[in-house]
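Me: I have just opened this entry and would like to be walked through it. Could we go piece by piece?

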Amino acid sequence: MNLLNFNCVKKREPIIDWFHLETNCLDDKIIAQPNRNVKHIFTRAEFVTKNVRSGQQTCKIDKNNLGNTTVNVSTIRTWKYKILNIVKKLISGAGMKHRILNCMHLIHSGSADIKRNSKTGKAYYSGISVCGSVWLCPVCSSRIAQGRREELGLASKSGMMPVMVSVTLQHYRNDELKKLLSVLNGSLRELKQGNWWKSFIKRYGIKAHVSSLEITFSERHGWHPHKHILLFLDVSDGEKDLKALKSELIQRYTNLVSEKGGYASDFHSIDVTACSDNINGYIAKWGLINEVANAHIKVGRAKDSYSPFQLAEIAGAGERWALVAYLEYVEATYGKKQITWSHNARKVLGIGKEKTDQELAKEHESLDDEIILSIEREQWKRVLRNGVQGELLELAEKGGDGAVISYLAGLDPGTTNYNY
Ligand SMILES: [Zn+2]
């Protein structure tokens, strides 16, 4: 076995036997009952009885009345890293260049550090590059979405009435995503220009708005780009007629869409929902973080409707149609903004200066956070070759440096899942 070379390693008993571990899951909480001296590692549900040698992640569930069932367990985080590695492979395989290829990969100086966030207790990598790509990177986009959701949470405290407007257009299997996005964005841009819009926002007391672009794909129906727009209404002079607001918007929007060669109707265009009572519920549905969570859990999604991350996963498994669609998505979203605030919205809503995606992707990092473990360049390459960045964070968080060292010791240095 190669000698491992780590900095900042505290002396700790090696963890030698992870075989035959079993966990009991009671509802959504797993209470681990490992044998021997590794009990301290297994304290949280999503962590795993990962067999270091086979890589199998399993737990035995005893769900009271459901009886014993064996299920695979993986965390959302390990899934995100898995997708990140797949996306890199798809993009480099297609000969495309994109900054995601260096994400969670390049070491800035000397080592990749695993740190623990002092507020959340979450382990994270420091000293390596992040791409800040909201469309392609499941790791960065989930951090960015978290930051954006926090901003929206602050906006909801402005005292104005939030109204959610969902905007889409009709689409067919062979419609190009680029064209659909151009019609959707172009129609909305024009909608918000000129005298019609000025009069509209004045009559309904709309003081600010923010929109989020999302894209899903269906094998049967093709691309489904849609926008969620949150309008903030000043209702200090009385309630507004949302039915009238909706019908005015539909009329104007459907005209603009057909002028641009697209299709929209009363049923495939705009929906309006007042969300003053449950804005946090609506905010939680925004952005790719929701797509990430749904994609991971794969529950409650329309059959045959995939998020871009799911599409990448299917493409990575060798489905040609998914690869073609995914690469089209990569090109069509290049340079596009996901979240757009109206002019002065942030001032009106009192939420300060907008942070860039890159800033949000690194916001969880702090110089003061404890370093759990530093991994030198050669060892880091081995981690990348095996595509186990997510697993390492799980281990570091739950079992500390000893768990990571033990895991790496059992990792095959010759595995070349990814070509780094
Ligand atoms: Zn990234």
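Me: Which residue of strand 11 stands opposite Val165?
Reply: Val165 stands opposite Ile229 in strand 11. Please note that this is a predicted model.

Me: Which residue is opposite Met161 in strand 11?
Reply: That residue is Leu233.

Me: And how many bridges join strand 9 to strand 11?
Reply: There are 7 bridges between strand 9, residues 161-167, and strand 11, residues 222-233. The two strands run antiparallel.

Me: What about strand 10 and strand 11, how do they pair?
Reply: Strand 10, which covers residues 206-218, pairs with strand 11 in the antiparallel sense over 12 bridges. In that pairing, Ser211 has Ile229 of strand 11 as its bridge partner. Ile229 is also the residue that Val165 stands opposite.

Me: What joins strand 10 to strand 11?
Reply: A hairpin joins them, through 3 residues.

Me: Is strand 11 mostly covered or mostly open?
Reply: Strand 11 is mostly covered, with 9 of its 12 residues buried.

Me: Why does Asp271 count as partly exposed?
Reply: Asp271 counts as partly exposed because it has 15 C-beta neighbours inside 10 Å. A residue would need 20 or more to be buried, and 12 or fewer to be exposed.

Me: Is Leu184 buried or exposed?
Reply: Leu184 counts as buried, with 24 C-beta neighbours inside 10 Å.

Me: What does Leu184 touch?
Reply: Leaving aside residues up to four places away in sequence, Leu184 touches Leu169, Pro225 and Lys227. As for Leu213, its C-alpha atom is 9.9 Å from that of Leu184, and the two are 29 residues apart in sequence.

Me: New topic: helix 1 and helix 13. At what angle do they pack?
Reply: Helix 1 (residues 76-93) and helix 13 (residues 389-409) pack at an angle of about 155°, with their axes 7 Å apart. The two helices are therefore roughly antiparallel to each other. Their crossing is right-handed.

Me: Which residues meet there?
Reply: From helix 1, Arg77, Thr78, Lys80, Tyr81 and Lys82 meet Gln389, Gly390, Glu391, Leu393 and Glu394 in helix 13. By class, the contact has 2 nonpolar, 3 polar and 5 charged residues.

Me: And helix 8, is it mostly covered or mostly open?
Reply: Helix 8, residues 308-316, is mostly covered, as 7 of its 9 residues are buried. The buried residues are Pro308, Phe309, Gln310, Leu311, Ala312, Glu313 and Ala315.

Me: What follows helix 8?
Reply: Gly318 follows helix 8 and has a positive phi, near 105°.

Me: Where is Met104?
Reply: Met104 is in the loop between helix 1 and strand 7 (111-116). It is buried, with 23 other C-beta atoms within 10 Å.

Me: And Asn344, where is that?
Reply: Asn344 is in the loop between strand 13 and helix 10 (345-349). Asn344 is exposed, because 10 other C-beta atoms lie within 10 Å, and 12 or fewer is the limit for that class.

Definitions and conventions. Residues are numbered from 1 along each chain as its sequence is written. This is a predicted model: local features need pLDDT of at least 70, side-chain atom pairs count only at pLDDT 80 or more; totals for chains, interfaces and linings use all residues. Axes are lines fitted to C-alpha atoms, for helices over the stretch in contact, and angles run from 0 to 180 degrees between N-to-C directions. Helices (H or I, at least four residues) and strands (E, at least two) are DSSP runs, numbered from the N terminus. Angles under 35 degrees count as roughly parallel, over 145 as roughly antiparallel, 65 to 115 as roughly perpendicular and the rest as oblique. A crossing is left-handed if the near helix is turned anticlockwise from the far one by less than a right angle, and right-handed if clockwise. Two residues are in contact if their C-beta atoms, placed from the backbone, lie within 7 Å. Ala, Val, Leu, Ile, Met, Phe, Trp, Tyr, Cys and Pro count as nonpolar, Asp, Glu, Lys and Arg as charged, and the others, Gly among them, as polar. Two strands pair if DSSP finds at least two bridges between them.
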